[in-house]
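Biologist: I am new to this structure and would like to go through it with you. Could we begin with the way the helices pack?

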Amino acid sequence: MLVSLARFTETVLQQHQTHKTEKKSAMRRAPKGGPLLAALDLGTNNCRLLIARPTPPDDFRVVDSFSRIVRLGEGVGETGRLSDVAMARTLAALKICGERIAHHHVRHVFAIATEAARQAANTEQLITRAREEAGITLEVISAETEADLAALGCAPLIGRKYQGALIFDIGGGSTEIIWQHRVGAELQKRFAASLPVGVVTLAEAHGEQSRYRAGFETMHKAMMDRFAPLREKTKDFDPIHEHLLGTSGTVTTLAALALKLPRYNRAKVDGSWHQTARLAQLVERISHMDVLALARMGAIGPERADLMLAGSAIFSAICAL
């Protein structure tokens with residue numbers, strides 16, 4: 001299994017270089033001092049910004065980055081609306097993003113919002129305030145587009161000795177699963193799906209129980225049932241010649257734990273390889289721990305501890321299937 005955080009820079013490419021051939025030719029022409037690009041991903045749980053400069057022939061140099069847990073989707077599953085508190089947290093993060101974009105004089109910005117924004121009835125209010133207060137124009141993308149962007153961002157990382165990968169992105173409000181398979185020198189999408197269940201929505205659905213072992217078992221069974229239909233659609237996936245490629249907070253946090261990092265370190269986690277069975281053993285171990293114990297682990301911390309079992313339930317169901 002390969003663990004990655006790389007899909008956000010590719011989101012910029014999706015906006016500014018539409019076709020693969022156009023993208024490569026544009027990169028070859030780009031000088032070392034080429035234009036800065038900014039990608040902002042506002043999810044149900046996190047707000048992430050990446051500012052990067054394209055470098056020939058087909059790469060990026062990261063100039064600045066920012067990430068903050070905002071819990072935008074908190075309560076949306078129950079009320080159908082973005083709460084005032086969640087919106088305030090999110091706008092505070094967006095203002096920081098706006099300041100960084102302005103500081104670097106970035107002119108090419110692609111800002112997307114995903115599942116929580118898709119579900120909420122008052123998303124237009126957030127969009128208006130983000131534009132007026134933070135100078136950021138948010139685009140709410142469809143579930144299908146979100147899956148495509150996840151695949152686009154992760155595809156370059158598929159192991160060269162493998163024939164493809166099953167990419168999965170466990171978000172706060174949705175989970176994307178994309179199967180990419182090599183046909184000759186090209187990667188082809190054989191299957192893609194976006195399910196409206198993520199760490200925030202799953203944890204809220206199971207309430208206080210989601211923090212304990214019994215709740216983990218219940219959530220795991222629910223996710224096995226939820227993802228089971230996808231098993232049939234990906235039944236030709238070959239785990240010997242293809243691999244799993246995971247992206248998002250749950251997967252990268254598990255990778256940090258597997259690497260025994262005293263605290264989370266993106267540089268060591270991103271692009272790391274792991275045995276799936278080893279990560280499954282790790283999930284089994286932490287599923288017996290309570291939130292306070294999880295919070296004391298440096299690679300998890302108090303901000304992620306209450307969602308760790310929910311994310312692990314989704315992760316372990318995908319791996320089991």
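Biologist: At what angle do the axes of helix α8 and helix α14 cross?

Modeller: Please keep in mind that this is a predicted model. In it, the axes of α8 (residues 199–206) and α14 (residues 301–320) cross at roughly 110 degrees and come within 8 Å. The two helices are therefore roughly perpendicular to each other.

Biologist: Is the crossing left-handed or right-handed?

Modeller: The crossing in which α8 passes α14 is right-handed.

Biologist: Which residues of α8 and α14 meet?

Modeller: From α8, the residues are V199, V200, L202 and A203. They meet L307, A310, G311, A313 and I314 of α14. Sorted by class, this contact has eight nonpolar residues, one polar residue and no charged residues.

Biologist: Which residues of α8 are buried?

Modeller: V199, V200, L202 and A203 are the buried residues of that helix.

Biologist: And what do the buried residues of α8 pack against?

Modeller: Their partners are β7 (164–170), α9 (213–233), α10 (249–258) and α14.

Biologist: What follows α8 in the chain?

Modeller: G207 follows α8, and the phi of this residue is positive, near 55 degrees.

Biologist: Let us return to α14. Where is L307, and is L307 buried or exposed?

Modeller: L307 lies in helix α14. Its relative accessibility is 9%, so L307 counts as buried.

Biologist: What does L307 touch, leaving aside neighbours within four places in sequence?

Modeller: L307 is in contact with V199, V200 and A203, and also with N45 and R71. L307 and N45 are 262 residues apart along the chain, and their C-alpha atoms are separated by 10.0 Å.

Biologist: You mentioned α10. At what angle do α10 and α14 pack?

Modeller: The angle between α10 and α14 is about 100 degrees, and their axes are 9 Å apart. That makes α10 roughly perpendicular to α14.

Biologist: Which residues meet there, in α10 and in α14?

Modeller: G249, T250, V251, T253 and L254 of α10 meet R304, M308, G311, S312 and F315 of α14. The residues of this contact divide into four nonpolar, five polar and one charged.

Biologist: S312 is on that list. Is S312 buried or exposed?

Modeller: S312, which is placed in helix α14, counts as buried because its relative accessibility is 0%. Leaving aside neighbours within four places in sequence, S312 is in contact with T250 and L254, as well as F216, V283 and I286.

Biologist: Now to the backbone. Which residue other than glycine has a positive phi near 55 degrees?

Modeller: H105 has such a value. The residue sits in the loop between α4 (84–103) and β5 (108–113). With a relative accessibility of 67%, H105 counts as exposed.

Biologist: What is the phi of S248?

Modeller: S248 has a positive phi of about 115 degrees, although it is not a glycine. S248 is found in the loop between β10 (242–247) and α10. It is buried, with a relative accessible area of 7%.

Biologist: Another loop residue, then: where is D236, and which residues does it touch?

Modeller: D236 is in the loop between α9 and β10. Not counting residues up to four places away in sequence, D236 touches W179, R190 and E242. D236 and T201 are 35 residues apart along the chain, and 30 Å separates their C-alpha atoms.

Biologist: Last topic, the cysteines. How many disulfides does the structure hold?

Modeller: The structure holds zero disulfides. C47 is in none, and the nearest cysteine sulfur, that of C97, is 4.0 Å away. The cut-off for a disulfide is a pair of cysteine sulfur atoms within 2.5 Å.

Biologist: Is C47 buried or exposed?

Modeller: C47 has 0% relative accessibility and so counts as buried.

Conventions
Residues numbered from 1 in each chain as written. Predicted model: local features only at pLDDT ≥ 70, side-chain atom pairs only at ≥ 80, totals over all residues. Heavy atoms only, no water. Buried < 20%, exposed > 50% of the residue type's maximum accessible area, 1.4 Å probe, protein only. Axes fitted to C-alpha atoms, helices over the stretch in contact; angles between N-to-C directions. Helix = DSSP H or I, 4+ residues; strand = E, 2+ residues; numbered from the N terminus. Parallel < 35°, antiparallel > 145°, perpendicular 65-115°, else oblique. Left-handed = near helix turned anticlockwise from the far one by under 90°. Contact = heavy atoms within 4.5 Å. Nonpolar A, V, L, I, M, F, W, Y, C, P; charged D, E, K, R; others polar.
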